[in-house]
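Please open the model in your viewer and keep the selection panel at hand. The tour below goes from one selection to the next and says what is there.

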Amino acid sequence: MASTKPALPQNDNVAHALAGAGGGILSMVLTYPLVTLSTRAQVESKRAETAFLAAVRQIVAREGVSGLYAGLDSAVFGISVTNFVYYYWYEWTRGFFEAAASRAGRASKKFTTVEAMIAGAIAGSATVILTNPIWVINTRMTTRRGQIEQEVKEEASGVSPEKKKKQPTTLGTLLALLRDEGPQALFRGVVPALVLVINPILQYTLFEQLKNTYERRRRSNVTPTIAFFLGALGKLFATSITYPYITVKSQMHVADDNAGQKREGMTQAIRRVIKEEGYAGLYKGIGPKVTQSVLTAAFLFAFKDVLYEQTVKLRGVTRRAVQA
């Protein structure tokens, strides 16, 4: 049976952006408990480290099942904006390179490795600058660092906390951050985040090359199932390489401004973690993080093509209805 996918236009930047945002939301909701576990492991002190299942039990006992979804609203908002911006600029850059290849008379218009890396760098940098404040707020909400460490101390001393603090809201966290630390706090961790642009560069470059190889050998488009596994492989490779910077970025997001003390830079943060906890400290929470990242990327790539197809059709129907 002939596939109808080749007939769809592949140069609709807005449709790609909307599909990426939708796929990101679905993926984030499905894997968010792993985000919570990984982020808390990254920022908790070494003495507070717990095994995976023990960490799940502690969070559920202390905060209920909802504790595994702390900060989900800001994460959903963040991933939708992040993916929309990323895919819009990524596809815009793809279109630019394909047009250039056509003008130059190049035999193949497919992304080369270098072009995929440039597209990833442009899209990733634009995304980091626009969305860093969202992820600072999300990390603060996910960790609730002060409360967690206080509760760990109280439990260790045999004292049961009298009253649980209310789960902070997104708006409440934002207003408290602006009031206590100023607008500059929203851009904490932006340097390691820019370094981490290499993560999607590695991920999408590997995905594009594997996808091109598959389509060239099979002479057919990738299916959602194949895209799931190719996306998982790309994300596994990228996250394993860049994880120390992910740890440092999370710690910088929750760092407090201490009077008279200079704020820690990226290199200083890496040195401090190595000094206090050894090189293993840079890989705290890597188990749930890699699992979450791989599953999120796999679901995203599996969902995105289907969502793109439906978005293009819906935009076509809407356009015809407006013109009628």
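Helices here are DSSP runs of H or I with at least four residues, numbered from the N terminus. With that in mind, and remembering that this is a predicted model, begin by selecting Thr-82, which lies in helix α3, residues 72-103. Thr-82 has a relative accessible area of 14% and is therefore buried, the cut-off being under 20%. Show its surroundings next: leaving aside neighbours within four places in sequence, Thr-82 is in contact with Thr-127, Thr-131 and Trp-135, and its side chain makes a polar contact of 3.1 Å with the side chain of Trp-135.

Now select α8 itself, residues 198-218, whose 21 residues reach 30 Å from the first C-alpha to the last, close to the 30 Å expected at 1.5 Å a residue. Arg-219 follows α8 and has a positive phi, near 55 degrees.

Move on to Glu-181 and Arg-188, which form a salt bridge with closest N and O atoms 2.8 Å apart; Glu-181 is buried at 12% relative accessibility, and Arg-188 is buried at 2%.

Finish in helix α10, residues 266-277, where Glu-276 and Arg-272 sit four residues apart, about one turn of the helix. Their salt bridge has its closest N and O atoms 3.6 Å apart, with Glu-276 exposed at 53% and Arg-272 partly exposed at 24%.

Technical notes
Residues are numbered from 1 along each chain as its sequence is written. This is a predicted model: local features need pLDDT of at least 70, side-chain atom pairs count only at pLDDT 80 or more; totals for chains, interfaces and linings use all residues. Side-chain values use heavy atoms; hydrogens and water are left out. Helices (H or I, at least four residues) and strands (E, at least two) are DSSP runs, numbered from the N terminus. Buried means under 20% relative accessible area, exposed over 50%, partly exposed in between (1.4 Å probe, protein chains only). A polar contact is a pair of N or O atoms within 3.5 Å; within protein, one must be able to donate a hydrogen and the other to accept it, and residues adjacent in sequence count only if both atoms are side-chain atoms. Contact means heavy atoms within 4.5 Å. The expected span of a helix is 1.5 Å times one less than its number of residues. A salt bridge is a side-chain nitrogen of Lys or Arg within 4 Å of a carboxyl oxygen of Asp or Glu.
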